Amino acid sequence: MSSRLSALPRSLGRTNSWELWITIGLLLLLPMLMATDYALHIWTRMAIYVILLTGLNFINGMAGMISLAQAGFFGLGAYAAGIAAVRFDVPPVLALVIAPVVVTLAALLVGMMSMRLKEIYFKMATLGAGFVLFLLFGRMVELTGGPNGLVGIPPFSLFGFEFTEPIVKYGFVALLAIIGAIVAHNLLVSRTGRALRAYGASEPAALAAGASPFKLRLLAFGMSGFYAGVAGALEAFDSRFISPSTFDFMMAVLLVVALVLSGAGRMIGPILGALLLTGIEVFAADYADYEPLIMGVIFLIAIQLFPRGLAGELAARREDRRERAKREAAEQAKPDQEVVRA
């Protein structure tokens, strides 16, 4: 299997390496461009989305499947951390560890029940899983606070130091986003990551290479759940209030569309998708009643302009320029060759 998988393009690793550096650079640069308390709050939400979309990228991008359960896993992580901190007085740092573990187990359970389904049935299964979680958030009133939400969540703290300053909160979340991006990159360029991408590109090819589709898809689902759990816990400690409406069907669709438009399967996709989501949230804040309509129009226009995703379109245009330069160089070399022959 390893020899066949090694035949996959090595340029993939180089491309994703510079995309990783762009992701890290943007996370470090944004607070330098604008560092007001409000701007830092927006950047913090953006960094949380980076973590969430990095997890979604494992299954929607690398494995080539469309999962609509990520919003539900995001909410489960938020509620797991919030309930642990509020109802059971668990220290925030321990709650941050508990949340991804709980969500990973839930994601693996959902994955084992839905992985053998094909295409539309798999999408329906993940949508159903997300919807069940959404209902539980609203119905388990004693734990979750029901439709009124869970209040009283303490700020994140470590060794007695509370992360209440906006710049401190952003720095912590951005650090976790960078670590998450590095881990995702290392997995992507590993033998397992190449097998996962081979399966996402062509199931027969992956089977011919001896890869186990079920194990690969389950790994992708588990990783997406882990990242969603971390993002959910950070969301709980950042906003200090969570309600079921944050993790509804609309959020599930927005996450998928934002990642696809930005570049599913590429390292730069999650941060571009996070910037898109936060930008739309800020723009639509004054038009809350029309927010779904505004988002729908923006996404429809973006799909027409970038059918392969923003990152995919930029990569395709760069490749076209390279091919054009090669052809021009070859044509310029022809007269020289003819002179030499003469």
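Predicted model: local features only at pLDDT ≥ 70, side-chain atom pairs only at ≥ 80, totals over all residues.
**View 1. Glu 235, a buried charge in H11.** With a relative accessible area of 5%, Glu 235 is buried (buried is under 20% relative accessible area, exposed is over 50%, and partly exposed sits in between, using a 1.4 Å probe and protein chains only). Glu 235 is found in helix H11; helices here are DSSP runs of H or I with at least four residues, strands are E runs of at least two, and both are numbered from the N terminus. Leaving aside residues up to four places away in sequence, Glu 235 touches Arg 45, Ile 48, Phe 74 and Arg 240 (contact means heavy atoms within 4.5 Å).

Numbering runs from 1 along each chain as its sequence is written, and side-chain values use heavy atoms, with hydrogens and water left out.

**View 2. The whole protein, before zooming back in.** There are 15 helices and two strands in the protein. Of its 342 residues, 49% count as buried. Take the contacts between residues at least 6 apart in sequence: 81% of them join residues at least 24 apart.

View 3. H11 has 27 residues and reaches 38 Å from first C-alpha to last, close to the 39 Å expected at 1.5 Å a residue (the expected span is 1.5 Å times one less than the number of residues). Of the 27 residues, 22 are buried, so H11 is largely enclosed by the rest of the structure. Gly 229 lies in this helix and, at 0% relative accessibility, counts as buried. Not counting residues up to four places away in sequence, Gly 229 touches Gly 77, Ala 99, Pro 100 and Val 103. The C-alpha atoms of Gly 229 and Gly 55 are separated by 9.5 Å, though the two are 174 residues apart along the chain.

**View 4. H8 alongside H11.** The axes of helix H8 (residues 166–188) and helix H11 (residues 213–239) come within 11 Å and cross at roughly 175°. Axes are lines fitted to C-alpha atoms, for helices over the stretch in contact, with angles running from 0 to 180 degrees between N-to-C directions. H8 and H11 are therefore roughly antiparallel to each other (over 145 degrees; under 35 is roughly parallel, 65 to 115 roughly perpendicular, and the rest oblique). From H8 come Lys 169, Phe 172, Val 173, Leu 176, Gly 180, Val 183, Ala 184 and Leu 187, meeting Met 223, Tyr 227, Val 230, Leu 234 and Asp 238 of H11. Sorted by type, the residues of this contact are 10 nonpolar, one polar and two charged (nonpolar covers Ala, Val, Leu, Ile, Met, Phe, Trp, Tyr, Cys and Pro, charged covers Asp, Glu, Lys and Arg, and the others, Gly among them, are polar).

**View 5. H6 and its covering helices.** Helix H6 (residues 119–139) has 21 residues and reaches 30 Å from its first C-alpha to its last, close to the 30 Å expected at 1.5 Å a residue. Its buried residues are Phe 122, Thr 126, Ala 129, Gly 130, Leu 133, Phe 137 and Gly 138. The cover over them includes helix H3 (37–62), helix H4 (70–86), helix H5 (92–114), helix H7 (141–144) and H11.

View 6. The structure holds 14 aromatic pairs (rings of Phe, Tyr and Trp, the latter by its six-membered ring, pair if their centres lie within 6.5 Å; planes under 30 degrees apart are stacked, over 60 edge-to-face, and the rest tilted). In one, the rings of Phe 122 and Phe 221 have centres 6.1 Å apart and planes at 80°, so the pair is edge-to-face. Phe 122 lies in helix H6 and Phe 221 in helix H11, so the pair ties together parts 99 residues apart in sequence. Phe 122 counts as buried at 2% relative accessibility, and Phe 221 counts as buried at 1%. Phe 137 and Phe 247 have ring centres 6.1 Å apart and planes at 75°, so this pair is edge-to-face. Here Phe 137 in helix H6 is linked to Phe 247 in the loop between H11 and helix H12 (249–262), 110 residues apart.
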